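Welcome to this guided tour. Please open your viewer, keep the selection panel handy, and follow the stops in order.

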Amino acid sequence: MEHHHTHQEQHTPAHQGRHSGAAHGATWATAVRATLHCLTGCAIGEILGMVIGTALMWGNVPTMILAISLAFAFGYSFTLFAVVRAGVSLKAAVKVALAADTVSIAVMELVDNGIIALTPGALDAHLSDGLFWYALLGGFAVAFLITTPVNKWMIGRGKGHAVVHAYH
């Protein structure tokens, strides 16, 4: 019996190594947390961009460019702060943030801005108009629904936010 137990222990690390993809915790809860994390940064950046662009009376294109740039900046910074706080060097943290969030933020921004662009009158709506906020929040809601399965798939393959979770 003792021999069998030792034999089992020898195979355990190899067995776990083969299934390391599953060990990344690619549950829907993990994917939702990763997506909400990303969405928060995107929302802050995008709303800030819209507010600044509108306040400066810029046109739609420069305002969208600013909003998307800030969405990426805030999306990355949320991950950067979390990873640096875990004791990773800034250089390594930047690589982690880029790996974890690029696809997530890109999908989110594409969907969100696509919905705003396709919502009649939304691009011409002002910050004081309900339509502007409904289009923006509706865009984020749809982007969240589309980005969550993307994040779940990436985490399950040890990519995206799985890289970040290694530092939590």
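You are looking at a predicted model, in which local features need pLDDT of at least 70 and side-chain atom pairs count only at pLDDT 80 or more, while totals for chains, interfaces and linings use all residues. Residues are numbered from 1 along each chain as its sequence is written, and side-chain values use heavy atoms, with hydrogens and water left out.

**Stop 1: the whole chain**

Show the protein chain as a cartoon. The chain has seven helices and zero strands, so that helices (H or I, at least four residues) and strands (E, at least two) are DSSP runs numbered from the N terminus. Following the sequence gives the pattern α-α-α-α-α-α-α. Of the 168 residues in the protein chain, 34% count as buried.

**Stop 2: two helix contacts**

Select helix H3 (residues 28–55) together with H4. Two packed helices are described by the angle between their axes and the distance between the axes. Here, axes are lines fitted to C-alpha atoms, for helices over the stretch in contact, and angles run from 0 to 180 degrees between N-to-C directions. H3 and H4 pack at about 145°, and their axes are 7 Å apart. Their crossing is right-handed; a crossing gets that name if the near helix is turned clockwise from the far one by less than a right angle, and left-handed if anticlockwise. The residues of this H3 and H4 contact comprise 12 nonpolar, 10 polar and one charged. In this count, Ala, Val, Leu, Ile, Met, Phe, Trp, Tyr, Cys and Pro are nonpolar, Asp, Glu, Lys and Arg are charged, and the others, Gly among them, are polar.

The angle between H3 and H6 is about 145°, with the axes 8 Å apart. H3 and H6 also make a right-handed crossing. Their contact residues divide into 17 nonpolar, five polar and two charged.

**Stop 3**

Which loop holds Met57? Met57 is found in the loop between H3 and H4. Most residues other than glycine have a negative phi.

**Stop 4: the nonpolar core**

A nonpolar core is a set of buried Ala, Val, Leu, Ile, Met, Phe, Trp, Tyr and Cys residues joined through side-chain atoms within 4.5 Å. The largest one has 22 residues, of which Cys42, Met50, Met108, Ile116, Leu136 and Phe140 touch the most other members. Select these six by name. H3, H4, helix H5 (90–118) and helix H6 (130–156) each supply at least two residues of this core. H6 gives the most, with six residues.

**Stop 5: aromatic pairs**

How many aromatic pairs does a search of the whole structure find? The search finds two. Rings of Phe, Tyr and Trp (its six-membered ring) pair if their centres lie within 6.5 Å; planes under 30 degrees apart count as stacked, over 60 as edge-to-face and the rest as tilted. Select Phe72 and Tyr76: their ring centres are 5.9 Å apart and their planes are at 50°, so this pair is tilted. Both residues lie in helix H4 (residues 60–85), four residues apart, about one turn of the helix. Phe72 is partly exposed at 21% relative accessible area, whereas Tyr76 is buried at 17%.

Next, select Phe132 and Trp133, an edge-to-face pair with 4.9 Å centre to centre and 90° between the planes. Phe132 is buried, with a relative accessible area of 8%, while Trp133 is partly exposed at 28%.

**Stop 6: a charge over a ring**

Finally, select Lys152 and Trp28. The charged end of Lys152 sits over the ring of Trp28, 5.1 Å from its centre. The rule here is that NZ of Lys or CZ of Arg is within 6 Å of the ring centre and within 35 degrees of the ring normal.

Key: Buried means under 20% relative accessible area, exposed over 50%, partly exposed in between (1.4 Å probe, protein chains only).
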